Amino acid sequence: MTNPAAEALDRDFPYRHPTLKDKIINQNTLLSVISIISLFVLWWLLVHFRVYRFSLLPSPAEVLEEGAIWVQTNVFWFDTLATTLRVLVGVLAAYLTAIPLGLMIGWRKNFSDLTFPTLELLRPIPAPAYLPLAILLLPWQEASVAFIPFIDAFFPVLLNTITGVKLIDRDYFRAARCLGSSPKQIFWHIVLPGALPSISSGCAIGMGIGWMGAVVGEMITGKWGLGYRIWESYTLTRYALIVDGMVAIGILGFASSVLIRYLTVKMIPWRRAITEALDESITQ
Amino acid sequence: MTTAGYEGTQDSMFLKQLKKTFLDWSLFRKVMSFVLFLVAWSLIVIAVDYFQQIPTPKAVLMALFDIPFTAILLHIAKSFFRVLAGFFLGILIGFPMGVAIGYSRVLKCLIFPAFEMIRPIPPIAWIPMSVLFFVHIESQIVFLTFYGAFFPIVYNTMGGISEVDIRLPRAAMSFGLDRKRMLMKVILPAAMPQIFTGMRLAMGITWILVVAAEMMANKGGMGYYVWYNHTVMDYPHVVLGMGIIGLCGAICSIGINAVGNYFTRWRRIF
Amino acid sequence: MAAALEASEVVFNKVGKMTVFKKRQTVILKDCSFKCERQKLTVLIGPSGCGKTTIINLIAGYERPDLGEVLIDGKKVPGPDWERLVVFQETALFPWLTCYENVMFGPLARQVMSEETAHNLALGLLRKVGLEGFHDKHPSQLSGGMQRRAELARALINQPKVMLMDEPFRGLDAMTRKLMQEYYLKLFEENNATHVFVTSEVDEAIFLADNLMVMTNRPSRVKKEIQVDLERPRDWSIATSKRYLEIKAEALELLHEEALEASKSSEKVDIDLSGFSQAS
């Protein structure tokens with residue numbers, strides 16, 4: 001049976017209602033392009049005409065020039081690698097600690113009572129404040145810099161995991177108990193999969209915040225890495241490189257967020273709608 | 001009542017009440033949580049002894065009596081000032097912008113893509129730019145906190161406004177409300193919960209940025225205090241500083257939550 | 001006749017309406033024509049997804065027809081207006097206002113009567129719908145039935161010429177629903193406006209209606225118009241009268257036909273899409 005709607009469409013609606021899609025895409029895309037272009041134009045104008053203190057800032061042209069050179073050096077790739085590794089290690093460590101912890105806290109009240117108050121006490125302390133302690137505790141310079149992304153990402157992932165467990169419909173637990181599941185089975189087959197949508201959105205948020213943190217560590221006590229390079233460029237008055245560094249970090253951070261979101265959606269094919277809905281969950 | 005199975009009900013009910021008041025296991029465990037924390041802390045100190053510099057809980061407590069009182073207050077005040085200045089600037093500029101972007105599709109397409117391009121750059125990376133551009137260190141730091149607060153506020157305001165249930169403005173239109181009054185009377189109240197979520201996020205981020213900025217600049221504030229004590233290897237004071245910062249952050253969070261709850265009290269009623 | 005001026009006549013003239021939902025163009029209404037007589041209660045009943053909400057939106061002025069015209073008293077619908085007020089499926093009371101403030105919203109927005117008059121009217125209406133004593137409660141503090149009654153009061157205070165009810169009693173439990181229907185009928189009988197009521201419950205439809213319009217599947221038009229000539233005022237005892245059962249049998253058969261056809265076609269008849277149509 002052919003699509004009756006399509007037939008009706010052709011027969012009775014000779015004037016095609018301008019599909020909202022067509023209209024919207026054209027006008028909006030144009031405006032978006034204008035938006036991005038005007039950003040650069042504005043930047044260029046401000047520097048060129050030495051508006052206020054903008055004369056001290058690099059112009060887009062300089063930034064592009066220096067950037068092109070920089071990207072081809074070894075130092076750039078080394079820095080990028082260093083920063084990326086630090087962030088990844090820190091954030092992954094956060095995932096590996098916060099997710100199991102969060103699952104247990106959400107699942108068992110006893111465990112929650114024993115651990116959650118302490119965590120709530122530690123939560124308001126901003127990540128950079130941990131740096132001195134990190135330097136003490138962890139022998140390598142690298143590890144102490146990676147500690148900041150770790151702390152930054154830890155709490156959002158933890159909170160989202162806990163929320164995820166709490167959101168699981170209690171009926172699933174009851175059904176499992178009726179069917180005679182052991183606690184271990186309940187954990188692996190109900191608690192973990194049920195919380196996955198929240199966990200994945202927490203992971204994405206944690207990754208975003210972790211990137212923020214990596215730069216902090218490198219700027220304060222770094223020897224290499226993109227954050228350090230940005231600070232060094234400032235002290236060496238190679239200002240154009242500052243912006244290049246910022247752009248590089250921005251791109252990497254954005255790419256990693258996209259990657260995480262993609263991976264998590266792949267992991268949870270059955271709950272895409274809920275994942276999208278939970279993307280707005282409160283983390284701090 | 002002496003029906004079978006109910007014998008002794010009176011007694012065990014009373015006993016239950018008694019147990020509930022004095023033998024609350026949950027509360028007990030929560031207290032134990034802190035005890036465990038202190039124990040674990042002390043154990044770490046003993047186990048990890050590279051420089052034997054990590055302070056024990058007791059050392060931190062001793063340091064509490066040792067703090068330069070007025071100096072600390074000055075540091076706290078400075079940090080608070082920077083946080084609040086940036087935060088309120090963020091609201092002042094970010095809130096109207098968020099409303100404009102959420103309300104008008106044209107404005108959204110004009111402004112939003114530019115924002116999306118800038119947003120991935122972490123606020124800390126702006127420090128060198130900020131130092132170049134602003135003369136005074138205070139304005140450099142306040143710019144940073146403002147930047148950190150700006151994006152959550154704009155995005156959440158925009159989200160809140162564009163996600164208002166469409167039936168509410170429709171009903172308002174039917175009742176004869178024009179567009180301008182509709183914004184004030186219908187759309188903003190409906191978007192309040194989301195707007196305050198943005199403010200809470202912004203508050204958290206400003207504290208992180210203030211500490212980081214103060215660690216790098218040398219101009220007082222709690223972040224500076226922590227870093228300074230680190231450089232002179234006075235670790236009990238470092239930990240103390242961390243605790244104070246945490247406390248300040250918590251106070252701000254509670255404050256924002258209280259204000260937010262007041263403005264959305266129609267939601268809490270239940 | 002002063003009474004007739006307060007009520008409007010709604011005419012649908014070969015109306016066609018298309019919507020884009022999830023990148024798919026769907027024809028919701030095609031060649032839809034009917035008339036709602038002044039001061040009568042017209043009920044639209046049909047399978048879910050057949051565009052009943054779209055019809056309400058068209059009369060209210062939230063949307064425009066792609067083909068044909070929607071006429072109120074002979075003139076095209078200009079836009080959303082106090083003359084045509086909607087009571088929605090799920091409550092659209094303003095959650096941050098109290099009951100009383102919600103009811104006062106219309107008069108205050110339009111500023112057509114003095115505040116004192118509005119105040120008295122509001123309290124009178126709240127008493128009539130049985131919400132006396134609840135006027136300082138927020139919607140979240142009221143039960144479902146109470147919320148619907150508050151919405152009725154909110155609409156009625158503006159004395160609209162057309163009252164549009166979009167499955168307003170959906171989601172209420174059976175007893176509350178019956179009570180609400182009786183309430184509503186009482187209000188209708190005292191009120192002079194034209195009422196258009198949308199539902200998917202046959203009993204409710206017949207109990208309330210003066211004219212019953214049975215709709216087809218998408219693309220929808222009026223399959224059949226049934227005159228419900230039961231006496232007013234009505235109560236639930238008519239549910240066993242002969243005439244009632246005749247009408248019910250006829251309506252059920254028509255609906256059954258449509259349901260069968262829907263299940264045969266490949267199109268999934270699901271939730272009413274017109275509520276999600278993108279407003280141009």
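Strand β9 (residues 211-215) of chain C pairs with β10(C) in the antiparallel sense over five bridges. Strands and helices here are DSSP runs numbered from the N terminus, with at least two residues (E) for a strand and at least four (H or I) for a helix, and two strands pair if DSSP finds at least two bridges between them. The model is predicted: local features need pLDDT of at least 70, side-chain atom pairs count only at pLDDT 80 or more, and totals for chains, interfaces and linings use all residues. Residues are numbered from 1 along each chain as its sequence is written, while chains are lettered from A and ligands numbered from 1 in the order in which they are written.

**The sheet of chain C**

A hairpin through six residues joins β9(C) to β10(C). Within this pairing, M215(C) stands opposite V222(C), and M213(C) has E225(C) as its bridge partner in β10(C). β9(C) also runs parallel to β3(C), to which four bridges join it; there I45(C) has V214(C) of β9(C) as its bridge partner. Strands of a sheet pair through backbone hydrogen bonds, either parallel or antiparallel.

These strands belong to an open sheet of six, in the order β6-β7-β8-β3-β9-β10 (chain C), with mixed pairing. β6 (84-87) and β10 (222-227) of chain C are at the edges with a single partner strand each, so one side of each has no neighbour in the sheet. From one strand to the next the twist averages 20°.

β9(C) is mostly covered, with four of its five residues buried. A residue is buried if 20 or more other C-beta atoms lie within 10 Å of its own, exposed if 12 or fewer do, and partly exposed in between; the C-beta atoms are placed from the backbone. Helix α2 (residues 52-60) of chain C lies across β3 (41-45), β6, β7 (162-166), β8 (194-199) and β9 of chain C, and runs at about 155° to β7(C). Angles run from 0 to 180 degrees between N-to-C directions, and axes are lines fitted to C-alpha atoms, for helices over the stretch in contact.

**Helix packing in chain B**

Helix α4 (residues 69-103) of chain B packs against two helices, α10(B) and α11(B). The axis values are as follows.

| Helix pair | Axes come within | Crossing angle |
|---|---|---|
| α4(B) and α11(B) (residues 235-263) | 11 Å | roughly 40° |
| α4(B) and α10(B) (residues 222-231) | 7 Å | roughly 130° |

Angles under 35 degrees count as roughly parallel, over 145 as roughly antiparallel, 65 to 115 as roughly perpendicular and the rest as oblique. α4(B) and α11(B) are therefore oblique to each other. α4(B) and α10(B) are oblique to each other as well.

The contact of α4(B) with α10(B) is made by H75(B), I76(B) and S79(B) on one side and by M222(B), G223(B), Y224(B) and Y225(B) on the other. Two residues are in contact if their C-beta atoms, placed from the backbone, lie within 7 Å. By class this contact has four nonpolar, three polar and no charged residues. Ala, Val, Leu, Ile, Met, Phe, Trp, Tyr, Cys and Pro count as nonpolar, Asp, Glu, Lys and Arg as charged, and the others, Gly among them, as polar.

Towards α11(B), I76(B), S79(B), F80(B) and V83(B) of α4(B) meet I244(B), C248(B) and C252(B). These residues divide into six nonpolar, one polar and no charged.

**The contact of chains A and B**

Chain A gives 46 residues to this contact and chain B gives 52 residues. On the chain A side, α2 (20-48), α5 (109-122), α6 (131-137), α9 (183-221), α10 (226-235) and α11 (239-267) each supply at least two residues. α11(A) gives the most, with eight residues. The chain A side as a whole has 34 nonpolar, 10 polar and two charged residues.

**Backbone exceptions**

Most residues other than glycine have a negative phi, and most peptide bonds are trans. T237(A), which is not a glycine, has a positive phi of about 55°. T237(A) is in the loop between α10 and α11 of chain A, and counts as exposed because it has 10 C-beta neighbours inside 10 Å. Q111(C), also not a glycine, has a positive phi of about 55°. The loop between α3 (99-110) and α4 (115-128) of chain C holds Q111(C), which is exposed, with 10 other C-beta atoms within 10 Å.

R232(C) and P233(C) are joined by a cis peptide bond, with omega about -5°. P233(C) lies in the loop between β10 and α8 (242-264) of chain C.
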